[in-house]
Amino acid sequence: MSEPFSVPVTVRGYETDVQGHLNQAVYLNYAEHARWSLLQAAGILQADLVARGVGPVVLETTIRYRRELLAGDEVRVTCGFEWGEGKTFRIRQSVRKADGTVAAEIDALGGLLDLRERRLVADPRRHLEELAADPGLFGL
């Protein structure tokens, strides 16, 4: 099995809290950055989604904090999709330090929203397969 898609991020000082740790809310930003980076790497731009009348949505997110991150730490944020048969999919992500230590695990339940109907589309996999130049990045 190949390594999941990942992007590098450097923890910036202004993202830390009074203890010097990466602020808990910033983990969500890192996860979102990795997801949009994966879309772009697969050949899907935000404008492509809008033109098709769909947009990605996160329905729930769980973060498990494993190790602290400090200003200046270099990390990689991974992103992998797990597909079922319904309207939703799982996104499994991790934030790993340069030495491979897992600093956080992020699990999200997502879907694609029909922008006109304001409801989840029935088959998000099909939409992403049709839009992507490299659907393999989504595990398709």
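Why does D107 count as buried? In this predicted model, local features need pLDDT of at least 70 and side-chain atom pairs count only at pLDDT 80 or more, while totals for chains, interfaces and linings use all residues. Residues are numbered from 1 along each chain as its sequence is written, and side-chain values use heavy atoms, with hydrogens and water left out.

D107 counts as buried because its relative accessibility is 13%; buried denotes under 20% relative accessible area, exposed over 50%, and partly exposed the range in between (1.4 Å probe, protein chains only). The residue D107 lies in strand 5, residues 102-114, where strands (E, at least two residues) and helices (H or I, at least four) are DSSP runs numbered from the N terminus.

The D107 side chain forms polar contacts with the side chain of R64 at 2.3 Å and with that of R92 at 3.3 Å. A polar contact is a pair of N or O atoms within 3.5 Å; within protein, one must be able to donate a hydrogen and the other to accept it, and residues adjacent in sequence count only if both atoms are side-chain atoms. Apart from neighbours within four places in sequence, D107 is in contact (heavy atoms within 4.5 Å) with E60, T61, T62, R64, I91, R92 and Q93.

Strand 4 and strand 5 pair in the antiparallel sense over nine bridges, pairing requiring that DSSP find at least two bridges between two strands. Here, T88 has G111 of strand 5 as its bridge partner. Four residues separate these strands in a hairpin, and G100 in the turn has a positive phi of about 95 degrees. Strand 3 (residues 74-83) pairs with strand 4 (residues 88-97) over seven antiparallel bridges, with F81 opposite I91 of strand 4.
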